[in-house]
Amino acid sequence: MKKAVVLYSGGLDSTTCMAIAREQGFQPYALSFAYGQRHTVELDKARKYAPLIGAEEHMVIDIDLRKMGGSALTADIDVPKSGVCADEIPVTYVPARNTIFLSFALGWAEVLGASDIYIGVNALDYSGYPDCRPEFIQAFQQMANLATKAGVEGHPYQIHAPLLNLTKAQIIQQGLSLGVDYQLTHSCYDPTPEGLSCGQCDSCRLRLKGFADAGQEDPVSYV
Ligand SMILES: [Zn+2]
């Protein structure tokens, strides 16, 4: 089996993405970041669940984005709870996050001898983040092939974003068809210390709407 690096946050999208990578014949090498996110629930769950959802190996890299701040996820800025404006990039955007994460994924892929990287970005039911768009993924792939030894020696990288054009409901349906247990995922930006989801942040709203549209029950616990 070929290896693929899968960016894995412990969330619904990246967990589904890992199941798709496996379905497409890859051994997933899961990569997560302790980036100074305001809660560690997500990361604690990612550590616990990565082996259960089929990661061959799980690496957690420490990069403290709190030193820069600039986001409701990495600074003392409140997470919006009343829905966000569709034509504005919300304060939960983390400056350059996917560029930073994909760069680490590229480095690890080169070390592993993997030519494939999976990222669970989505351009339909998403929060308007610029680094979740297809143009960004294409540009990063082009950059990856210019930037690496493997790329210039004729082993081009492919950045897979299999959820890019799916609705949240379609992502959930695809995951369920691949046997994903969504109990083992976490989406909330602002959970309680016990790990209950708030049900009101943008991420919870998108998730709950996705399950409702898919005609399914969300198995995680809410406040
Ligand atoms: Zn929430």
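Guide: Start with Arg207, which sits in helix α7, residues 202-213. Helices here are DSSP runs of H or I, at least four residues long, numbered from the N terminus. The model is predicted: local features need pLDDT of at least 70, side-chain atom pairs count only at pLDDT 80 or more, and totals for chains, interfaces and linings use all residues. Residues are numbered from 1 along each chain as its sequence is written, and side-chain values use heavy atoms, leaving out hydrogens and water.

Arg207 has 1% relative accessibility, so Arg207 counts as buried. The scale calls a residue buried under 20% relative accessible area, exposed over 50% and partly exposed in between, using a 1.4 Å probe and protein chains only. What does Arg207 contact, leaving aside its neighbours within four places in sequence? The list is Leu12, Lys168, Ile172, Tyr182, Thr185, His186, Ser187, Asp218, Val220 and Tyr222. Contact means heavy atoms within 4.5 Å.

Leu12, Asp13, Thr16 and Ile20 of α1 meet Lys168, Ile171, Ile172, Gln174 and Gly175 of α6. Sorted by type, the residues of this contact are four nonpolar, three polar and two charged. Nonpolar covers Ala, Val, Leu, Ile, Met, Phe, Trp, Tyr, Cys and Pro; charged covers Asp, Glu, Lys and Arg; the others, Gly among them, are polar.

Now the geometry. Two packed helices are described by the angle between their axes and the distance between the axes. For α1 (residues 12-23) and α6 (residues 168-177), the angle is about 45 degrees and the axes are 10 Å apart. Axes are lines fitted to C-alpha atoms, for helices over the stretch in contact, with angles from 0 to 180 degrees between N-to-C directions. The two helices are therefore oblique to each other. Under 35 degrees is roughly parallel, over 145 roughly antiparallel, 65 to 115 roughly perpendicular, and the rest oblique. The crossing of α1 and α6 is left-handed: the near helix is turned anticlockwise from the far one by less than a right angle.

His186 leads elsewhere. Glu42, in helix α2 (residues 41-49), contacts His186, along with Ser9, Tyr35 and Gln37, leaving aside its neighbours within four places in sequence. At 14% relative accessibility, Glu42 counts as buried.

Last, the cysteines. The whole structure has zero disulfides, a disulfide being a pair of cysteine sulfur atoms within 2.5 Å. For Cys17, the nearest cysteine sulfur is that of Cys132, 12 Å away. Cys17 is buried at 0% relative accessible area. Cys201 is buried too, at 0%.
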